Structures are given as structure tokens and as C-alpha cells.
Amino acid sequence: MEPFREGNRKLMEEYFGKDEDLFRMDFSKNRKWTLDNTEMERDIISFIGSVAVQLRQENRELRARMQTMEKEWSASRKKAEEKESGKKNPLRKVVRGLKVKTTGR
């Protein structure tokens, strides 16, 4: 981080009006990462597991929403088809005209 210290201080001055480091520069308390770090393995497994659970729940919710939308779309389509078929059928128009003439309604 030392090569970036000066640039980070300039950012801190420009955006926050403070003359101090943007990040903590004391890394003495941090443990050095090792290739066979068991904590990292646990963290990765835990992270992947939690992401899988979250994605599965989101997938279930999206499927439920999709089913609801498909039902609504199907009902709307059926209504539209019924309206269209009533308008285009010439026999219905003739039958309606005959009813009006004979019954007066």
C-alpha cells in the first residue's frame, strides 16, 4: 500500500477535506496468508453454500411469480379471443339482427 499512500492522501484531502491516510496503513495485526489456510477453505465453502441457498430461494420465488403471470396472461388471452370471435362471426351478427327484429330488443 505504501506506493499508493500519496495518491490516497490527495483523494482524502480533495473529497473529505482531511489531511490523513485514506486507509489504515498498520498491517502488523494481520496474519499472513498461507497456501494451506484452513480458515479460507471454510470461508469459501460457507460463501458458496449461502449463495446457493439464496439463489435457490430466489429461483423459487421467480417461478411462483412466473406461474401467476402465465395464469393471468392465459385468462386475458382467452377473454381477448372470445371478444374477437364474437366480432368476426357473421352468423352471430345475423342472429342478433333477427332477435332485434322479432323481439324488439
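Tutor: Buried means under 20% relative accessible area, exposed over 50%, and partly exposed in between. Keep in mind that this is a predicted model.

Student: Why is glutamate 81 called partly exposed?

Tutor: Its relative accessibility is 45%. That value lies between the 20% and 50% cut-offs. Therefore glutamate 81 counts as partly exposed.

Student: What makes arginine 77 and glutamate 81 a salt bridge?

Tutor: Their closest N and O atoms are 3.3 Å apart. The cut-off is 4 Å between a side-chain nitrogen of Lys or Arg and a carboxyl oxygen of Asp or Glu, so the pair qualifies.

Student: Why are arginine 77 and glutamate 81 about one helical turn apart?

Tutor: Because they are four residues apart in helix H2.

Student: Why is asparagine 8 called buried?

Tutor: Asparagine 8 has 14% relative accessibility. Buried means under 20%, so the label holds. This residue is found in helix H1. Leaving aside neighbours within four places in sequence, asparagine 8 is in contact with Met1, Leu22 and Phe23.

Student: How do you know that aspartate 21 and arginine 9 form a salt bridge?

Tutor: Their side chains meet at 2.9 Å, N to O. The limit is 4 Å, so the pair counts. The bridge links distant parts of the chain: aspartate 21 sits in the loop between H1 and helix H2, arginine 9 in helix H1, 12 residues apart.

Student: Which residues are linked in a network of salt bridges?

Tutor: Glu2, Arg5, Arg9, Asp19 and Asp21.

How values were computed. Residues numbered from 1 in each chain as written. Predicted model: local features only at pLDDT ≥ 70, side-chain atom pairs only at ≥ 80, totals over all residues. Heavy atoms only, no water. Helix = DSSP H or I, 4+ residues; strand = E, 2+ residues; numbered from the N terminus. Buried < 20%, exposed > 50% of the residue type's maximum accessible area, 1.4 Å probe, protein only. Contact = heavy atoms within 4.5 Å.
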